[in-house]
Amino acid sequence: MRSDERALRLLVAGIAWPPETFIRRLLVGLVDAGVEVTVGSARSPHRGPDAEPRVRWRPMPTWDAPMPLRVTRLAAMAARAALAGRSDLRTMAAAAPRGTTPRDRLRRWNMWLPFAGGRWDLIYFPWNSAAVAYLPAFDLGMPVIVSCRGAQVSIAPHNPRRAEINQGLGRSV
């Protein structure tokens, strides 16, 4: 990369940390190639024996926490989003399904708010099920790449209990 070029900014979303070995190798290879990699995960990639200090971290908290902590995190993410990503909030609100329970709506916002206000050159989902869960990211004006592999392609779309994958894959194309 020339000194006057800006590094490609990549968000890798919908993964757990530490990731599967092949995904970790991909991330390390991208960093080595000069890509600015941001990992969207619940756990920080900067701590523990599996730490990878060369990637950035975009916290994507899970819903599994005591109610006061969930509400505090939601409020903090909403405040950041209101300052940095108002148009993203409108896009996400338009994508929210109607007729869901308040708890389901809060859970969905907990998943979607980390994207608000973020700007990357590319968003990458290593799993198609994650891409389906984060469908509003497709409408944020950034290119999205989804890896479709294994049982999530050959089995899950045909499983009636996983209908959201089949429906979501059709929406994301």
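By about how many helical turns are W109 and W112 separated in helix α4? About one, because these two residues stand three places apart in helix α4 (residues 102–112). The legends below start with the whole chain and return to this helix later.

**View 1. The whole protein contains seven helices and five strands.** The structure is a predicted model, in which local features need pLDDT of at least 70 and side-chain atom pairs count only at pLDDT 80 or more, while totals for chains, interfaces and linings use all residues. Residues are numbered from 1 along each chain as its sequence is written, and side-chain values use heavy atoms, with hydrogens and water left out. Helices (H or I, at least four residues) and strands (E, at least two) are DSSP runs, numbered from the N terminus. Along the sequence, their pattern is β-α-β-β-α-α-α-β-α-β-α-α. Of the 173 residues in the protein, 39% are buried. Buried means under 20% relative accessible area, exposed means over 50%, and partly exposed lies in between (1.4 Å probe, protein chains only). A contact means heavy atoms within 4.5 Å. Among contacts between residues at least 6 apart in sequence, 54% join residues at least 24 apart.

**View 2. Five strands make up an open sheet with parallel pairing.** The order of the strands is β3-β2-β1-β4-β5. β3 (56–59) and β5 (144–146) are the edge strands, each pairing on one side only. On average, neighbouring strands of this sheet are turned by 25° against each other, direction ignored. For such angles, axes are lines fitted to C-alpha atoms (for helices, over the stretch in contact), and the angles run from 0 to 180 degrees between N-to-C directions. Two strands count as paired if DSSP finds at least two bridges between them. In general, strands of a sheet pair through backbone hydrogen bonds, either parallel or antiparallel.

**View 3. Strand β2 pairs with β1 and with β3.** Strand β1 (residues 9–13) runs parallel to strand β2 (residues 36–41), and five bridges join them. R9 stands opposite E36 in β2, and A13 has G40 in β2 as its bridge partner. The pairing of β2 with β3 is also parallel and extends over four bridges. V39 stands opposite W57 in β3. Strand β2 is largely enclosed by the rest of the structure, because five of its six residues are buried.

**View 4. Helix α1 belongs to a right-handed β-α-β unit with β1 and β2.** A crossover is right-handed if, with the strands pointing away from the viewer, the path from the first strand over the helix to the second runs clockwise. Helix α1 (residues 21–32) lies across β1, β2 and β4 (122–125). The helix runs at about 150° to β2.

**View 5. S41 is a buried residue of strand β2.** Its relative accessible area is 1%. Leaving aside neighbours within four places in sequence, S41 is in contact with I15, W17, W57, R58, P59 and M60.

View 6. A95 and P136 are 41 residues apart in sequence, yet their C-alpha atoms are 6.1 Å apart in space. A95 counts as partly exposed because its relative accessibility is 24%.

**View 7. The protein holds six aromatic pairs, one of them formed by W109 and W112.** This pair is edge-to-face, with 6.2 Å centre to centre and 70° between the planes. Rings of Phe, Tyr and Trp (its six-membered ring) pair if their centres lie within 6.5 Å; planes under 30 degrees apart count as stacked, over 60 as edge-to-face and the rest as tilted. W109 is partly exposed at 22% relative accessible area, whereas W112 is buried at 6%. Another pair, F115 and F125, is tilted, with 6.4 Å centre to centre and 40° between the planes. This pair links distant parts of the chain, ten residues apart: F115 is in the loop between α4 and β4, and F125 is in strand β4. Both F115 and F125 are buried. Together with Y134 and F138, F115 and F125 form one aromatic cluster.

**View 8. R70 lies over the face of W63.** The distance to the ring centre is 4.6 Å. A charge sits over a ring if NZ of Lys or CZ of Arg is within 6 Å of the ring centre and within 35 degrees of the ring normal.
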